[in-house]
Amino acid sequence: MITAEAADVEQAAARATLAVPGVEELQPSLRHSLADAATHLRRTFGSRTPPPEAGIHATHTPETDAWHLEVRCVLNDHRRTLDTARDVRESVRAAVSSQLHACGRTGSVTIVVVITRITGDRAPLHLCAAL
């Protein structure tokens, strides 16, 4: 069960992630994918798009007031993956830290960015031997 505070942190992280150039979407975690699949079985047609925060998993350690976030991203190939991942990490850190500080929380925030896929339309690189 997710607490309201964790849900708020996940929403802030999702908004910050989606604002980074190069991020196409957030990839839902397995727990969200399974829940969506079960819901889909109960419906006849149509599928709803999972909310962006489905690609964020936040855990909180009350003893140290520390937060650990996993951000699962699908990127496009218009920017270097490393640059986009770094920007995601810093954007999420700033957004979540700001939200927590506004609530009087002072714990650390750790962000892990997982790139699940890179989309794009670049032509594949073909290596040719000189004749």
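Q: Which residues have the most contacts inside the largest nonpolar core?
A: This is a predicted model: local features need pLDDT of at least 70, side-chain atom pairs count only at pLDDT 80 or more, and totals for chains, interfaces and linings use all residues. Residues are numbered from 1 along each chain as its sequence is written, and side-chain values use heavy atoms, without hydrogens or water. A nonpolar core is a set of buried Ala, Val, Leu, Ile, Met, Phe, Trp, Tyr and Cys residues joined through side-chain atoms within 4.5 Å, where buried means under 20% relative accessible area, exposed over 50% and partly exposed in between (1.4 Å probe, protein chains only). The largest core has 21 residues, and the most contacts inside it belong to Trp67, Leu69, Val71, Val92 and Val96.

Q: Which elements each supply at least two residues of this core?
A: The largest nonpolar core has 21 residues. In soluble globular proteins, nonpolar side chains tend to be buried together. At least two residues each come from α1 (4–18), β1 (23–26), β2, β3, α3 and β4.

Q: In what order do the elements of the chain run?
A: Helices (H or I, at least four residues) and strands (E, at least two) are DSSP runs, numbered from the N terminus. The chain has three helices and four strands. From the N terminus on, the order is α-β-α-β-β-α-β.

Q: What share of the contacts with a separation of 6 or more comes from residues 24 or more positions apart?
A: Contact means heavy atoms within 4.5 Å. Leu69 gives one example list: beyond four places in sequence, the residues it touches include Val9, Ala13, Ile56, Val92, Val96 and Ile111. For the chain, the share from residues 24 or more positions apart is 74%.

Q: Which residues of α3 are buried?
A: An α-helix has 3.6 residues a turn, so residues three or four places apart point the same way. In α3, the buried residues are Thr84, Ala85, Val88, Val92, Val96, Ser97 and Leu100.

Q: Which residue with a positive phi follows α3?
A: Most residues other than glycine have a negative phi, and most peptide bonds are trans. Here the residue is a glycine, with phi near 80°: Gly104.

Q: How far apart in sequence are the parts tied together by Arg105 and Asp65?
A: A salt bridge is a side-chain nitrogen of Lys or Arg within 4 Å of a carboxyl oxygen of Asp or Glu. Arg105 and Asp65 form one, with the closest N and O atoms 2.6 Å apart. Arg105 lies in the loop between α3 (81–102) and β4 (109–119), and Asp65 in the loop between β2 (56–61) and β3 (66–76), so the parts tied together are apart in sequence by 40 residues.

Q: Is Asp65 buried or exposed?
A: Asp65 has a positive phi, near 55°, although it is not a glycine. Its relative accessible area is 13%, so Asp65 is buried.

Q: Which residue is joined to Arg105 by a polar contact of 2.3 Å?
A: A polar contact is a pair of N or O atoms within 3.5 Å; within protein, one must be able to donate a hydrogen and the other to accept it, and residues adjacent in sequence count only if both atoms are side-chain atoms. Beyond four places in sequence, Arg105 touches Glu5, His60, Asp65 and Leu100. The side chain in the 2.3 Å contact is that of Glu5.

Q: How many salt bridges does the structure hold?
A: Asp83 and Arg80 form one, at 3.1 Å from N to O. Shared partners join Glu5, Asp65 and Arg105 into one network. Glu70 pairs with Arg72 at 3.9 Å. The total is eight.

Q: Which residues is Val114 in contact with beyond four places in sequence?
A: Val114 sits in strand β4. It is partly exposed, at 25% relative accessible area. Its contacts are Glu70, Val71, Arg72 and Cys73.
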